[in-house]
Amino acid sequence: DKVVTDSGTTGYVARGDDDEDYIQVVGSNVSGKGFETSGSNLVCEPDVTVSNITSKLSGAVVKDAKGKKVTSGNIGTGYTIEYDGEKYTVVKLGDVDSDARTTSADYVKIKNYIMEKSSLSDVQKQGADVDLDGKTTSADYVRLKNYIMGKDNITI
């Protein structure tokens with residue numbers, strides 16, 4: 001059975017006899033405008049900020065990539081969010097260099113990765129996969145460049 005808490009967390013329980021411990025969480029989903037969980041990651045669109053997260057997820061603690069608590073401003077790839085007993089790593093689509101902004105530096109990182117001139121961490125690869133097809137390709141490079149130029153959107 002699907003269960004949704006007051007805070008928006010979605011989970012599932014299995015039925016059983018009343019003499020067994022039959023409630024088992026087998027999955028959960030946290031989401032809001034422009035962000036959603038995917039496993040242990042919180043994937044978000046380029047314009048999502050710390051306040052977007054904390055206004056939807058009351059009590060969430062956001063930390064930057066160095067572990068410092070953040071209460072305002074942009075959220076970035078590699079940040080962490082602790083919420084409802086879970087810890088999520090942020091994947092901000094388009095923020096490949098993990099500076100909490102989506103700029104031309106990000107599509108240059110994608111280009112260099114595709115041309116095998118540099119490498120990306122796993123979380124950076126996920127941030128580079130702006131078309132959400134599971135791989136980082138020239139299509140992601142073009143889409144991110146078009147997003148920055150105002151010709152395309154990046155959504156989840």
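Why does Tyr-107 count as buried? Tyr-107 counts as buried because its relative accessibility is 17%, and buried means under 20% relative accessible area with a 1.4 Å probe and protein chains only.

## Basis of the model

This is a predicted model, in which local features need pLDDT of at least 70 and side-chain atom pairs count only at pLDDT 80 or more, while totals for chains, interfaces and linings use all residues. Residues are numbered from 1 along each chain as its sequence is written, and side-chain values use heavy atoms, without hydrogens and water.

## The aromatic pair

The structure holds 1 aromatic pair (ring centres within 6.5 Å; planes under 30 degrees apart are stacked, over 60 edge-to-face, the rest tilted). Tyr-107 and Tyr-141 form it edge-to-face, at 5.5 Å centre to centre and 85° between the planes. Tyr-107 belongs to helix H2 (residues 104-114) and Tyr-141 to helix H4 (residues 138-148), so the pair links distant parts of the chain, 34 residues apart (helices are DSSP runs of H or I with at least four residues, strands runs of E with at least two).

## The sheet

An open sheet of mixed pairing is formed by 7 strands in the order E4-E5-E6-E10-E9-E7-E8 (two strands pair if DSSP finds at least two bridges between them). Strands E4 (31-32) and E8 (69-70) are the edges, each pairing on one side only.

Strand E7 (residues 61-63) and E8 pair in the antiparallel sense over 2 bridges. Val-70 in E8 is the bridge partner of Val-62.

Conventions. Phe/Tyr/Trp six-rings, centres within 6.5 Å; stacked < 30°, edge-to-face > 60°. Buried < 20%, exposed > 50% of the residue type's maximum accessible area, 1.4 Å probe, protein only.
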